[in-house]
Amino acid sequence: MAARTLPVEPLVPFKRGAGVTTAQRSKLMGRVRQAGTAPEEAVAAWLRAHKLGYRRNVRTLPGRPDFANRRAGFAIFVHGCFWHRHPGCPRTTTPARNHEFWLEKFASNVARDAARTSELEQTGLRTITVWECETQNADLLAEKLAQLLEAQPRQGLGGPNE
Ligand SMILES: [Zn+2]
């Protein structure tokens, strides 16, 4: 991100270095706790329950997806609704203070996400974006991830360690 001054409240780490204010953090964490698990953990639990192996934060794939299994042919990004701008989601708010800064930052996040997804898809992996709010609802999460069960295992791609 460009070197710009962030808004006035102290920034605290929340998710992979993304900065949010303490007020926003409490709000987000409160929502997360309602479901009992962090978004990534909900996805991991679903994958385990369906006996789909995975690696996390796969640096050897473009965009470093949160989950991937090359042999099974899938990659998953788990995105926070606020930071990654889940379309139509009530969590996708824009702070009034430093409005321009936020618009710029969000536009940059969205553009980067689109590029990452596109690069991953070019590797032939079925790429799924799971939104934070979907991980808080077991039905929505199952609906989103069910397409992984239809994914065809890919032949001749990936090594034994993938
Ligand atoms: Zn959402």
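**Reading the labels: helix α2 and its sheet**

Colleague: What follows α2 in this predicted model?
Modeller: Lys51 follows α2, and its phi is positive, near 55°. Lys51 lies in the loop between α2 and β3.

Colleague: Why is Lys51 called exposed?
Modeller: Lys51 has 6 other C-beta atoms within 10 Å. The label exposed needs 12 or fewer. Therefore Lys51 counts as exposed.

Colleague: Which value of phi does Arg64 have?
Modeller: Phi of Arg64 is near 45°, again positive in a residue other than glycine. Arg64 sits in the loop between β3 and β4.

Colleague: Why is Arg64 counted as partly exposed?
Modeller: Arg64 has 16 C-beta neighbours inside 10 Å.

Colleague: Which residues of helix α2 are buried?
Modeller: In α2, residues 39–49, they are Pro39, Ala42 and Val43.

Colleague: How do you know that the buried residues of α2 line one face of the helix?
Modeller: Look down the axis of α2. The buried residues fall within an arc of 95°, so they line one face. In general, an α-helix has 3.6 residues a turn, so residues three or four places apart point the same way.

Colleague: What is the strand order in the open sheet?
Modeller: The four strands run β3-β4-β5-β6, with mixed pairing.

Colleague: What makes β3 and β6 edge strands?
Modeller: β3 (55–56) and β6 each pair on one side only.

Colleague: How do you know that β4 and β5 pair?
Modeller: Pairing takes at least two bridges. Three bridges join β4 (residues 67–69) to β5 (residues 74–79). The count meets the cut-off, so the two strands pair. They run antiparallel. Ala68 stands opposite Ala75 in β5.

Colleague: Which strands does α2 touch?
Modeller: α2 packs on the sheet and touches β4, β5 and β6. The direction of α2 makes about 150° with that of β5.

Colleague: Where is Arg126?
Modeller: Arg126 is in strand β6, residues 126–131. Arg126 and Ile76 are 50 residues apart in sequence, yet 8.4 Å apart in space, C-alpha to C-alpha.

Colleague: Why is Arg126 called partly exposed?
Modeller: Arg126 has 17 other C-beta atoms within 10 Å. Buried needs 20 or more, and exposed needs 12 or fewer.

Conventions: Residues numbered from 1 in each chain as written. Predicted model: local features only at pLDDT ≥ 70, side-chain atom pairs only at ≥ 80, totals over all residues. Arc of directions from axis to C-beta. Contact = placed C-beta atoms within 7 Å. Axes fitted to C-alpha atoms, helices over the stretch in contact; angles between N-to-C directions.
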